[in-house]
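The sequence and structure come before the details.

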Amino acid sequence: DFVSELMPRITDKPVLILITYRPENFPKWPPLTNLTSILLNRLGRKQAAEIANSVSGEELVQTVIEKIVKRADGVPLYIEELTMSVQESISTDHEPLTEAIIPPTLQSSLVARLDRLDD
């Protein structure tokens with residue numbers, strides 16, 4: 001509501017507002033000539049693997065990276081979180097490198113990371 005009220009008031013001002021939203025939650029803003037929408041697609045396998053390798057410092061074997069890429073389905077935040085969660089799980093739990101250590105959801109990844117924190 002705030003942005004809907006603000007947008008018509010700043011049409012002649014040098015202002016940049018960047019707003020992200022999921023396509024199914026498209027805001028009901030009035031049509032304005034200075035409003036541009038850009039659809040961001042999911043990342044490809046190569047781009048996703050580059051992010052996972054960058055986050056892991058290339059410490060994870062490619063088979064684990066491939067499993068992370070498959071599970072994250074091209075969502076950058078999910079790729080980063082899964083990679084960090086897997087790294088932490090391996091270093092703290094000394095678990096073998098299996099698909100079971102890759103959390104099934106972003107929420108379970110975050111909960112697992114929180115569980116590993118000290119009091």
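## The largest pocket

On a 1 Å grid over the protein atoms alone, a pocket is an open set of points where a 1.4 Å probe fits, with protein on both sides within 12 Å along at least five of seven lines. Grid points are joined across faces, edges and corners, and a volume is the space filled by probe spheres set on the points. The largest pocket holds about 1300 Å³ of space.

Its lining (residues with an atom within 4 Å of a point) has 31 residues, and Ile19, Thr20, Tyr21, Ile38 and Leu40 lie nearest the centre. Helix 4 gives the most to this lining, three residues. Helices here are DSSP runs of H or I with at least four residues, numbered from the N terminus.

## Basis of the model

This is a predicted model, in which local features need pLDDT of at least 70 and side-chain atom pairs count only at pLDDT 80 or more, while totals for chains, interfaces and linings use all residues. Residues are numbered from 1 along each chain as its sequence is written, and side-chain values use heavy atoms, without hydrogens and water.

## The nonpolar core

A nonpolar core is a set of buried Ala, Val, Leu, Ile, Met, Phe, Trp, Tyr and Cys residues joined through side-chain atoms within 4.5 Å; buried means under 20% relative accessible area with a 1.4 Å probe, protein chains only. The largest core has 14 residues, and Leu60, Ile65, Ile68, Leu82 and Val86 touch the most other members. Helix 2 (45-56), helix 3 (62-72) and helix 4 (76-93) each give two or more residues. Helix 3 provides the largest share, five residues.

## Ser56

Ser56 lies in helix 2 and counts as buried because its relative accessibility is 2%. Beyond its neighbours within four places in sequence, Ser56 is in contact (heavy atoms within 4.5 Å) with Ile65, Thr83 and Gln87.

Methods
Buried < 20%, exposed > 50% of the residue type's maximum accessible area, 1.4 Å probe, protein only.
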